[in-house]
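Please read this briefing with the sequence and the structure open side by side.

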Amino acid sequence: MLYREAGDFKTSYAEDSQTFPIKFDRWRYYAVLAVAFGVIPFFINDYWVSAIFLPFLIYSIAAIGLNILTGYCGQVSLGTGGFMAVGAYACYKLMTAFPDISIFFHVILAGGITAGVGILFGLPSLRIKGFYLAVATLAAQFFLVWIFNRVPWFYNYSATGQISAPERTVFGVKVTGPETDAWATYLFCLVFVVLVAWLARNLTRGTVGRKWMAIRDMDIAAEIIGVNPLTAKLSAFAVSSFFIGIAGALFFAVYLGAVEVGEVFGINKSFLVLFMVIIGGLGSIFGSFAGAAFLVLLPVILKNLLVGTLGWPTDLAAHLEFMIVGALIIVFLVAEPHGLAQLWRVAKDKLRLWPFPH
């Protein structure tokens, strides 16, 4: 069997603490990256990009950001949609104010601005937690959507109130605007996903991540052993908001191209990303990807099956789709509350021991 630790020796601390300790996992990770960068761009079309790949990649970034805050630091947040709106509007203002700067830096700066806003709304976490913090972040969600609707400066005094992404290029290739190629937008978002996942993984397994998890498990005990709750909680809000801001900027500039804040970044968006984190697995980077894939792919599969194959009316299929997705979420949470990531861990442990049961 290939999936074995036998013969896979570690001769240094770096090898002993690596992300994928089993050789087969490392090669599988490199193979996935090779396929994602070297194969998929040659075969995808506009439907695959708009229906599956771009939503999956962008929601994965947002789920990683929320997982940092909720899964690793234990701070409940219902303001994800509002923070995505901050990233989108910050990217729009930067794109229109500094058109000569690459959109790559605009997206990163939008994440930085969102991190500042996240720290501001994370200040109540120093005094409240749990349900009360969730209500405070929910207030942030409503306030941010309201201010982007009511202050015309944010949408450059547009008569419609919408923001539209101007055409921008990276190395001469268009990545925003109506004339973009599918492979270009896919690769642009994929680069951000890889960078965010790499950064999140290294943060969560280092000193900063251990402080977050200490606060999550028991904040009083963490403070007694020397963890500063102020820096730990606010750094979690900053990193989480930075990732969510990047997701919001990509969602607006690359995926949709034009948005109206109340419809796109409403409270439904916050719940959708929260469901991704819960279903995928709290406190797991892989769980963020698994949850995003589950909630992006499942509606597409059900729609193709019910409407495309069985020929059901579109409205009836849409209602049944909501019922099936809701029922699956409930059943899944009852059967495995630790999410898809736990199922993946159990499957790997079984493979490592197979054919022995214990």
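## Briefing on the predicted model

Phe 171 lies in the loop that runs between strand S2 (169-170) and strand S3 (173-174), where strands are DSSP runs of E with at least two residues, helices are runs of H or I with at least four, and both are numbered from the N terminus. This is a predicted model in which local features need pLDDT of at least 70 and side-chain atom pairs count only at pLDDT 80 or more, while totals for chains, interfaces and linings use all residues. Residues are numbered from 1 along each chain as its sequence is written, and side-chain values use heavy atoms, with hydrogens and water left out.

**Loop residues with positive phi**

- Phe 171 has a phi near 55°, a positive value in a residue other than glycine, and Phe 171 is exposed because its relative accessible area is 85% (buried means under 20%, exposed over 50% and partly exposed in between, with a 1.4 Å probe and protein chains only).
- Tyr 157, in the loop between H6 and strand S1 (163-164), also has a positive phi, near 60°, in a residue other than glycine, and Tyr 157 counts as exposed because its relative accessibility is 60%.

**Nonpolar core**

- The largest nonpolar core has 91 residues, and those with the most contacts inside it are Ile 61, Val 107, Phe 188, Leu 250, Phe 252 and Phe 265; such a core is a set of buried Ala, Val, Leu, Ile, Met, Phe, Trp, Tyr and Cys residues joined through side-chain atoms within 4.5 Å.
- Not counting residues up to four places away in sequence, Ile 61 touches Phe 192, Val 193, Val 196, Phe 243, Ile 246, Ala 247 and Leu 250, contact meaning heavy atoms within 4.5 Å.

**Helix packing**

- Helix H3 (residues 46-72) packs against helix H10 (residues 229-256) at an angle of about 165°, with axes 6 Å apart; axes are lines fitted to C-alpha atoms, for helices over the stretch in contact, and angles run from 0 to 180 degrees between N-to-C directions.
- H3 and H10 are therefore roughly antiparallel to each other, a term for angles over 145 degrees, whereas those under 35 count as roughly parallel, 65 to 115 as roughly perpendicular and the rest as oblique.
- By class, the contact of H3 with H10 has 21 nonpolar, 3 polar and no charged residues, with Ala, Val, Leu, Ile, Met, Phe, Trp, Tyr, Cys and Pro counted as nonpolar, Asp, Glu, Lys and Arg as charged, and the others, Gly among them, as polar.
- Helix H4 (residues 80-97) and helix H6 (residues 131-150) cross at roughly 35°, and their axes come within 7 Å.
- To that contact H4 brings Thr 80, Gly 81, Gly 82, Phe 83, Ala 85, Val 86 and Tyr 89, and H6 brings Gln 141, Leu 144 and Phe 148, which divide into 6 nonpolar, 4 polar and no charged residues.

- Ser 241 belongs to helix H10 and is buried, with a relative accessible area of 1%; leaving aside neighbours within four places in sequence, Ser 241 is in contact with Gly 111, Thr 114, Ala 115 and Gly 118.
- Met 323, in helix H14 (residues 314-335), is exposed at a relative accessible area of 57%, and the C-alpha atoms of Met 323 and Ala 14, 309 residues apart along the chain, are separated by 48 Å.
- Arg 352, in helix H15 (residues 339-353), is partly exposed at 31% relative accessible area, and Arg 352 and Ala 6, 346 residues apart in sequence, are 9.8 Å apart in space, C-alpha to C-alpha.
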